Amino acid sequence: MKKIFLFLCVLGTVLPYYYLITFLSNNNWSMDGFWNDIFFGSSPVSMIVMDLSVAATTFLVFLIYQYKQKKIKILKYIVCLFLVGFSLAFPLYLYDNYKDK
């Protein structure tokens, strides 16, 4: 199972950055219009953005709760969450905390 989580970490890093680099190369390496396209591009895209925003916020609240209750180290998950996204931070958390039976 840990190998699957590790593979998902790789996918969670490569896929979002692939699309970011594609966007930037198509827009002369400028971020102009990036946020407007995300939030107001179309209703389906806005729905996915809001869904992931709530999921990432929930994960962040969970991490803070775990830190206060169990004193786990959460800095790397927060860095991953803000530099790459939920697609890396969550599989990395699962990878680090998976225990074989």
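Reader: Which pattern does the protein chain follow when read along the sequence?

Author: The pattern is α-α-α-α-α, and the protein chain has five helices and zero strands. Helices (H or I, at least four residues) and strands (E, at least two) are DSSP runs, numbered from the N terminus. The model is predicted: local features need pLDDT of at least 70, side-chain atom pairs count only at pLDDT 80 or more, and totals for chains, interfaces and linings use all residues. Residues are numbered from 1 along each chain as its sequence is written, and side-chain values use heavy atoms, with hydrogens and water left out.

Reader: What does the C-alpha trace span along its principal axes, and what share of the residues counts as buried?

Author: The trace spans about 50 × 25 × 25 Å. Of the 101 residues, 23% count as buried (under 20% relative accessible area, with exposed over 50% and partly exposed in between, for a 1.4 Å probe and protein chains only). Among contacts (heavy atoms within 4.5 Å) between residues at least 6 apart in sequence, 44% join residues at least 24 apart.

Reader: How is the span of a helix judged, and what should helix α3 span at 1.5 Å a residue?

Author: The expected span is 1.5 Å times one less than the number of residues. Helix α3 (residues 43-70) has 28 residues and should span 40 Å; its end C-alpha atoms are 40 Å apart, so the two agree. Helix α5, with 12 residues, reaches 16 Å from its first C-alpha to its last, close to the 16 Å expected.

Reader: Which residues of α3 are buried, and against which helices do they pack?

Author: An α-helix has 3.6 residues a turn, so residues three or four places apart point the same way. In α3 the buried residues are Ser-46, Val-49, Ala-56, Phe-59, Leu-63 and Gln-66. They pack against α2 (34-40), α4 (75-83) and α5 (86-97). Just after α3, Lys-71 takes a positive phi of about 55°.

Reader: How are two packed helices described, and at what angle do α1 and α5 pack?

Author: The description uses the angle between the axes and the distance between them. Helix α1 (residues 2-26) packs with α5 at about 165°, the axes being 8 Å apart; axes are lines fitted to C-alpha atoms, for helices over the stretch in contact, and angles run from 0 to 180 degrees between N-to-C directions.

Reader: Which residues are buried in α1 and in α5?

Author: In α1 they are Phe-5, Cys-9, Gly-12, Phe-23 and Leu-24, which pack against α2 and α5. In α5 they are Leu-88, Ala-89, Pro-91, Leu-92 and Tyr-93, and their cover includes α1, α3 and α4.

Reader: At what angle do α4 and α5 pack?

Author: The angle is about 155°, with the axes 7 Å apart, and the two helices are therefore roughly antiparallel. Lys-76, Tyr-77, Cys-80 and Leu-81 of α4 meet residues of α5, among them Phe-86, Ala-89 and Tyr-93.

Terms used
Angles under 35 degrees count as roughly parallel, over 145 as roughly antiparallel, 65 to 115 as roughly perpendicular and the rest as oblique.
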